[in-house]
Amino acid sequence: MSQPVPPSDQPQQPQQPYNAQTGGNPFAGQQPGAPFGGAPFAPPAPARDNIALGLVAAVVAAVVAAGIYGAIIGATKHEIGYAAVGVGFVVGFASGKLGGRNPVLPVVSAVLALVAVYFGQLLGEAMIAAKELPVTVSELFFDHFSLLNEAWKADSNFLTYVFFVIAAVAAYSGAKKAAE
């Protein structure tokens, strides 16, 4: 008895039986794009733990959220607590999502949320005052900032400061949750 190939010292792989459903193709049961019968290649993980990217995202989110919060106050002539929570959460979420688990980001997010709520309230005061005075919002905000700040102090009450605390807590917790 002769063999066409000389025997090797390597152990022989058992041959797969013929399967009529796959037409004898041993690779037919695999998923498309799955090499060698395993799961498909996973995409690379997003860049995380980048404190600079997290800080930039938090600053941008704070500026945008302050503008929206100011517009809400200017339109309704009232401070809305849920909007302050939203400002804080958006700032924290942006920094945590893009910055990762750096322990500095939740603290910086809380501080930026405080600044965003403060400037949002000042912008709202400027919008309300601009409707009653013959000046523009930007003129009030940039040229008469001290008067605007005095008007904000006169209008602020206990709830104003509660909104600050709520926004800071929402930013801190939002950054922590987004980094998970």
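**Figure 1. Surface and overall make-up of the chain.** The chain exposes about 11,800 Å², and carbon and sulfur atoms supply 67% of that area. Accessible areas come from the Shrake-Rupley method with a 1.4 Å probe, and for residues only the protein chains shown count as cover. This is a predicted model, in which local features need pLDDT of at least 70 and side-chain atom pairs count only at pLDDT 80 or more, while totals for chains, interfaces and linings use all residues. Residues are numbered from 1 along each chain as its sequence is written, and side-chain values use heavy atoms, with hydrogens and water left out. Of the 180 residues in the chain, 33% are buried (buried means under 20% relative accessible area, exposed over 50%, and partly exposed in between, with a 1.4 Å probe and protein chains only). The chain has 6 helices and 0 strands, and its elements run α-α-α-α-α-α from the N terminus on. Helices (H or I, at least four residues) and strands (E, at least two) are DSSP runs, numbered from the N terminus. Among contacts between residues at least 6 apart in sequence, 73% join residues at least 24 apart, where contact means heavy atoms within 4.5 Å.

**Figure 2. Helix α3 against helix α6.** Here you can follow α3 (residues 104–132) as it packs on α6 (residues 158–179) at an angle of about 145°, with the axes 8 Å apart. The axes are lines fitted to C-alpha atoms, for helices over the stretch in contact, and angles run from 0 to 180 degrees between N-to-C directions. On the α3 side, the residues making the contact include Pro106, Ala110, Leu114 and Tyr118, and on the α6 side they include Phe163, Ala167, Ala171 and Lys176. By class, this contact has 14 nonpolar, 3 polar and 1 charged residues. Ala, Val, Leu, Ile, Met, Phe, Trp, Tyr, Cys and Pro count as nonpolar, Asp, Glu, Lys and Arg as charged, and the others, Gly among them, as polar.

Figure 3. Serine 95 lies in helix α2 (residues 81–99) and counts as buried because its relative accessibility is 0%. Leaving aside neighbours within four places in sequence, serine 95 is in contact with Gly54, Ala58, Gly100, Leu105, Ser109 and Ala175. Glutamine 121 sits in helix α3 and is buried, with a relative accessible area of 1%. Not counting residues up to four places away in sequence, glutamine 121 touches Tyr69, Ile73, Glu79, Trp152, Thr160, Phe163 and Phe164.

**Figure 4. Aromatic rings together.** The structure holds 10 aromatic pairs. Rings of Phe, Tyr and Trp (its six-membered ring) pair if their centres lie within 6.5 Å; planes under 30 degrees apart count as stacked, over 60 as edge-to-face and the rest as tilted. Phenylalanine 119 and phenylalanine 145 have ring centres 6.4 Å apart and planes at 35°, so this pair is tilted. The pair links distant parts of the chain, with phenylalanine 119 in α3 and phenylalanine 145 in α5 (residues 145–155), 26 residues apart. Phenylalanine 119 is partly exposed at 34% relative accessibility, as is phenylalanine 145 at 29%. Tyrosine 161 and phenylalanine 164 form a stacked pair, 6.2 Å centre to centre with 25° between the planes. Being 3 residues apart in helix α6, these two are separated by about one helical turn. Tyrosine 161 is partly exposed at 44% relative accessibility, whereas phenylalanine 164 is buried at 10%. One aromatic cluster takes in Tyr118, Phe119, Phe141, Phe142, Phe145, Trp152, Tyr161 and Phe164.

**Figure 5. Lysine 77 and its positive phi.** Look in the loop between α1 (51–76) and α2 for lysine 77. Lysine 77 has a positive phi of about 60° although it is not a glycine. Most residues other than glycine have a negative phi. With a relative accessible area of 48%, lysine 77 is partly exposed.

Figure 6. Serine 156 is found in the loop between α5 and α6 and is buried, with a relative accessible area of 17%. Its C-alpha atom is 9.8 Å from that of glutamate 79, 77 residues away along the chain. Valine 169 belongs to helix α6 and counts as exposed at 51% relative accessibility. The C-alpha atoms of valine 169 and valine 85 are separated by 8.4 Å, with the two residues 84 apart along the chain.
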